[in-house]
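Please keep the sequence and structure in view while reading.

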Amino acid sequence: LDLAMAYSSLEESDAALIKNLVEERARHPDQASSIVGAQVRSGLEHGDVTAFGATGPLVVENGGAVVARRGAVAAWPPWERAEGDRAVLVLGVTRDRLLEELPVVARTAGVEARPFAAMSVAEVAALLGFSEEQAALAMRREYDEPFVVEGRPSRGPDLLARLDRAARGRGLRVTHGGRVHHLTGPADKGQAVKALVHGWPGGIR
C-alpha cells in the first residue's frame, strides 16, 4: 500500500479536512490517502470516508485506533471486527476508563475538568464552532475524552505539564488540541502510524 497521510485536529471543519486531503492527493496522485487525526470513527464514516477523499486506513481519536476496510485486513489477526465493512486495530483504552480516571487526573493536577460527556450537544457546538450535527458526531468518543479546565485559563505550559504528568502517573496522556484538552491512552498518532506501517498486510511503501 502506497500511503499519503493528511493530519487533522478535532477542531478542524470538514472543509479544512477535505482541503488537506485534496492537497495530499495532488502531491501524491498514485497513493492511497489516509487521515491521521482526532476525529471519531463515526464522524469520518458518516456517509462514507471516500466523501472526505480518504481511500486508505484512518488513524482516529489521536491514535486510539486504526480503522480500515475489513476486506483489506482479514488475514491480519490483531484487527478486531467492527460493525459493517470496517475492521479496527485498538491501541488506546476505553472511554469508560478515561471518564473514570479524569477526575483523578484533574485532582492530582489541582484543577477541575469538564469532559464532553458532561456537556450538551449545543455546548460542544459552541465550543468548537461546529454545527449541532457535527458536534453530536464529535461527542461519540471511543478512545479519547476531550475536556476543558474550569475556573482558570485552559492553556499554559505549566498547566499542560501538570495535567500530562498526572495522566502519565495513571498510564494515560493529556494533549492539547486547540480549544480543548484530550485525555487518551498511552498510544498517540505517531505510534498508531508506526503500528500501521509495520503491521499492514503486505507493508506500506
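A residue is called buried under 20% relative accessible area, exposed over 50%, and partly exposed in between, with a 1.4 Å probe and protein chains only. The model is a predicted one, in which local features need pLDDT of at least 70 and side-chain atom pairs count only at pLDDT 80 or more, while totals for chains, interfaces and linings use all residues. Residues are numbered from 1 along each chain as its sequence is written, and side-chain values use heavy atoms, with hydrogens and water left out.

Salt bridges require a side-chain nitrogen of Lys or Arg within 4 Å of a carboxyl oxygen of Asp or Glu. Nine of them are found when the whole structure is searched.

One of these pairs Arg97 with Glu101, whose closest N and O atoms are 3.6 Å apart. Both residues belong to helix α3 (residues 95–109), and because they are four residues apart there, about one helical turn separates them. Helices are DSSP runs of H or I with at least four residues, numbered from the N terminus. Arg97 is partly exposed, at 28% relative accessibility, whereas Glu101 is buried, at 11%.

Another salt bridge joins Glu123 to Arg114, with 2.8 Å between the closest N and O atoms. Glu123 has a relative accessibility of 34% and is partly exposed; Arg114, at 24%, is also partly exposed.

A further salt bridge connects Arg141 and Asp144, the closest N and O atoms lying 3.1 Å apart. Both Arg141 and Asp144 are buried. Together with Glu61, Arg141 and Asp144 are linked in a network of salt bridges.

Key: Helices (H or I, at least four residues) and strands (E, at least two) are DSSP runs, numbered from the N terminus.
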